[in-house]
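I opened my notebook today to get to know a new structure. Here is what I looked up, entry by entry.

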Amino acid sequence: MNWFGRRSSRGEEKFEAWIKRLHEQHVASGQTEPVGPHPSEEFLRGLANRSRAISLSDGRIDHAAACPNCMSRIVALRNENSERKRKLAYVLVAVTCVVLAVAIFGWFHLRQNRQQTMALSTPVTKTVDLWNAGTNRGEQPRQLKSVELPAAVVRLTVILPRFSPSGQYLIAVTRKEDGAGIVAEGLASTVSTGGQETVSVALDLRKATAGAYFLSTTHEQDQAAYYYPLQIR
Ligand SMILES: [Zn+2]
């Protein structure tokens, strides 16, 4: 007979066998009345919990084994105990699920963010050819054919107009033709390639809204700026 209505470890089986034997002895000897007063609730709880502090020779065990009241109280305490353990297990499982869900969500979110950031900050390489654009002061620059830049980080290479001096240039994207409303700018020295002077700068156009802008080139000594129409899309 399993007194406590659940699977037992070997130690518990020994304990239960002990109580069962005591119970049988009581029945065999015709002593069905429990000896002594009911032990305290604390002691019964200790029995229910298989407290190691309780010695098997404790006389109160003798009483409990013969006393239906104490036995049923022990069984109730046992069930209460295992119910609490089961609830604790549910809580642990629930907490683990939440932690896992948060971790997985966080990981996906982070990965997605990183991909978006990567996509936005990976420079787009563009070349603007101003070789045939007029540079004479006061001369209206010829309309450039479809100079378009994306609203991204742009690695821009400008092929400067014919006869442009070498040196350092400030390349800027502005809203107005007079240089007002600078969206982005970069400073770099010219590089001579095949008789052409080119300047490469990184321009962060991520915050620019689509529309009409101007691309300007300013030589460090000359200080005269040249503006060319530009579209950001
Ligand atoms: Zn009792």
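Predicted model: local features only at pLDDT ≥ 70, side-chain atom pairs only at ≥ 80, totals over all residues.

**Strand E8 and its partners**

I started in E8, where I looked up threonine 174 and found its bridge partner to be phenylalanine 214. Next I checked how E4 and E8 run: they pair in the antiparallel sense, over 6 bridges. E8 is also joined to E9, by 8 bridges, and these two strands run antiparallel. In that pairing I found glycine 211 opposite isoleucine 232 of E9. The hairpin of E8 and E9 has 5 residues between the strands, and there I noted glutamine 223 with a positive phi near 65°.

**The whole chain**

I then stepped back to see the chain as a whole. I counted 4 helices and 9 strands. What pattern do they follow along the sequence? I read it as α-α-α-α-β-β-β-β-β-β-β-β-β. Of the 233 residues, 18% count as buried. I also looked at contacts between residues at least 6 apart in sequence, and 65% of these join residues at least 24 apart.

**An open sheet**

My next stop was a sheet of 4 strands. The sheet is open, its order is E1-E3-E7-E6, and the pairing is mixed. Strand E1 (124–129) and strand E6 (191–193) are the edge strands, since each pairs on one side only. From one strand to the next, the twist averages 30°. I looked at one pairing here in detail: E6 and strand E7 (residues 196–204) run antiparallel and are joined by 3 bridges. Valine 191 has threonine 198 in E7 as its bridge partner.

**Two nonpolar cores**

Which residues have the most contacts inside the largest nonpolar core? I found Leu130, Leu156, Val158, Ile171, Val173 and Tyr228, in a core of 20 residues. I listed the elements that give two or more residues to this core: strand E3 (153–159), strand E4 (168–174), E7, strand E8 (211–219) and strand E9 (225–232). E4 gives the most, with 4 residues.

I took a closer look at isoleucine 171. Leaving out residues up to four places away in sequence, I found that isoleucine 171 touches Leu156, Val158, Glu185, Gly186, Val199, Val201 and Thr217. Apart from this core lies another one, of 11 residues, and Ile19, Phe43, Leu44 and Ala64 are among them.

Which residues are buried in H3? My list reads Arg60, Ile61, His63, Ala64, Ala65 and Ala66. Because 6 of the 8 residues of H3 are buried, I wrote down that this helix is largely enclosed by the rest of the structure.

How values were computed: Residues numbered from 1 in each chain as written. Buried ≥ 20, exposed ≤ 12 C-beta atoms within 10 Å, placed from the backbone. Contact = placed C-beta atoms within 7 Å. Pairing = 2+ DSSP bridges. Axes fitted to C-alpha atoms, helices over the stretch in contact; angles between N-to-C directions. Core = buried A, V, L, I, M, F, W, Y, C linked by C-beta atoms within 7 Å.
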